[in-house]
Amino acid sequence: MAFPDDLLKDAHHLAARGEKDLRQSSLRRAVSTAYYALFHLLIADFVLNWKRPDQRVRLGRMFDHSKMKQAKFQSANPTPVEEDLKTVIDAFAQLQEDRYTADYDVGTNWSPKGVENTLAIADEAFKAWRIVRKEKIAQDHLLTMFGARRM
Amino acid sequence: MYLPSVAANTLPIDRAVTEVAERLAPDVQYIRYEIGWDWSGDPAIFFRVVLSDEASQKRLRKVATQVVWHLARLLDFPSMGLFPYHNFRSVSEQAVLREEAWA
C-alpha cells in the first residue's frame with residue numbers, strides 16, 4: 001500500500017482509538033495525519049511527472065502548504081471532472097485548517113464526530129482524486145499548487 | 001491584516017445561517033460562526049455546526065454536506081473574500097465539552 005494510503009489508514013486507527021478512549025491526543029493526531037495523507041497523495045502524483053526518480057523527493061519538498069491552499073479553481077457550470085477536482089480542492093483547504101487547529105490550538109477540543117467528519121472529507125478527496133488524477137485539468141491544478149500561475 | 005467589508009455587516013450571513021439551520025432542522029440544531037483569519041492569514045469564516053445526536057450517528061456526512069452546500073448556495077464566499085471552513089459536533093458532545101464558541 002502506498003504511503004498516503006497508509007497515512008489515511010493510520011488516521012482512521014487514531015480516530016477509533018481517540019473515540020474509544022476519549023483521548024484528545026489521538027483525535028488530534030488523526031486529523032493531522034488525514035491532512036498529510038492528502039498532502040502526500042497530491043505531491044506523489046506531481047513528482048511522478050519528473051523524469052529523474054532520484055530527484056523526486058527533493059522536488060516534493062519544495063511544495064508550500066500555503067501556496068497549495070491558494071490554488072483555486074472556479075467554474076460556473078462544472079463538468080463531473082471539475083466537480084471531483086473541486087471536491088479535492090475544498091477538502092484540502094478544510095483539512096489544512098483542521099490540521100493547524102489540531103496541531104497548535106490546544107484551546108480547541110476535538111469531538112469524535114468532528115474528527116469522523118474530517119476523515120470522511122479525506123476519504124472523499126482520495127476517491128475523487130483517483131478518478132481525476134490523470135486528467136489534464138487535475139495535472140494543471142497540481143502545477144498551480146506547486147506555485148505556477150494559471151495560463 | 002484587514003477583514004473584508006462583509007465583517008462590518010453580517011446581516012446576510014445571519015440570515016443565511018438561520019435559513020440553513022431551519023431548513024435542515026432537526027438534524028441541524030444550530031450554527032455558530034466567526035469571521036477571522038485562517039492559519040495562513042487569509043480572511044475566513046468558521047462555521048461551527050451542532051447536529052442532533054441522531055443525525056450525527058446515522059447520517060453525519062450527508063447532513064454535513066448539505067450544510068456546506070446550502071451555505072455556499074446562499075453566500076458567495078469568493079465575492080465576500082472569505083475562505084469558508086466548517087466543523088461539526090453533536091449535541092451530546094457539546095454537552096460534555098461545553099465550549100463557549102460552540103454554545
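Predicted model: local features only at pLDDT ≥ 70, side-chain atom pairs only at ≥ 80, totals over all residues.
Reader: Among the elements of chain A, which has the lowest mean pLDDT and which the highest?

Author: Residues are numbered from 1 along each chain as its sequence is written, while chains are lettered from A and ligands numbered from 1 in the order in which they are written. The elements are DSSP runs numbered from the N terminus: helices (H or I, at least four residues) and strands (E, at least two). The lowest mean, 92, belongs to H4(A), and the highest, 98, to H6(A).

Reader: Which element gives the largest share of the side of chain A that touches chain B?

Author: Two residues are in contact if their C-beta atoms, placed from the backbone, lie within 7 Å. In these terms, 14 residues of chain A are in contact with 18 residues of chain B. Two or more residues on the chain A side come from each of helix H4 (65-70), helix H5 (80-104) and helix H6 (112-132) of chain A. The largest share, 5 residues, is that of H6(A).

Reader: How many residues on that side of chain A are nonpolar, polar and charged?

Author: Ala, Val, Leu, Ile, Met, Phe, Trp, Tyr, Cys and Pro count as nonpolar, Asp, Glu, Lys and Arg as charged, and the others, Gly among them, as polar. By class, the side of chain A that touches chain B has 3 nonpolar, 7 polar and 4 charged residues.

Reader: Is Leu22(A) buried or exposed?

Author: Leu22(A) is in the loop between helix H1 (3-21) and helix H2 (24-47) of chain A, and its phi is positive, near 50°. A residue is buried if 20 or more other C-beta atoms, placed from the backbone, lie within 10 Å of its own, exposed if 12 or fewer, and partly exposed in between. Because Leu22(A) has 12 C-beta neighbours inside 10 Å, it counts as exposed.

Reader: Which peptide bond is cis?

Author: Most peptide bonds are trans. In the loop between helix H1 (11-23) and strand S1 (28-37) of chain B lies Pro26(B). The cis bond, with omega near 0°, runs from Ala25(B) to Pro26(B).

Reader: Which residue in S2(B) stands opposite Ile35(B)?

Author: Two strands pair if DSSP finds at least two bridges between them. S1(B) and strand S2 (residues 43-51) of chain B pair in the antiparallel sense over 9 bridges. They form a hairpin with 5 residues between them, and Gly41(B) in the turn has a positive phi of about 90°. Opposite Ile35(B) stands Ile45(B).

Terms used
pLDDT = per-residue confidence, 0-100.
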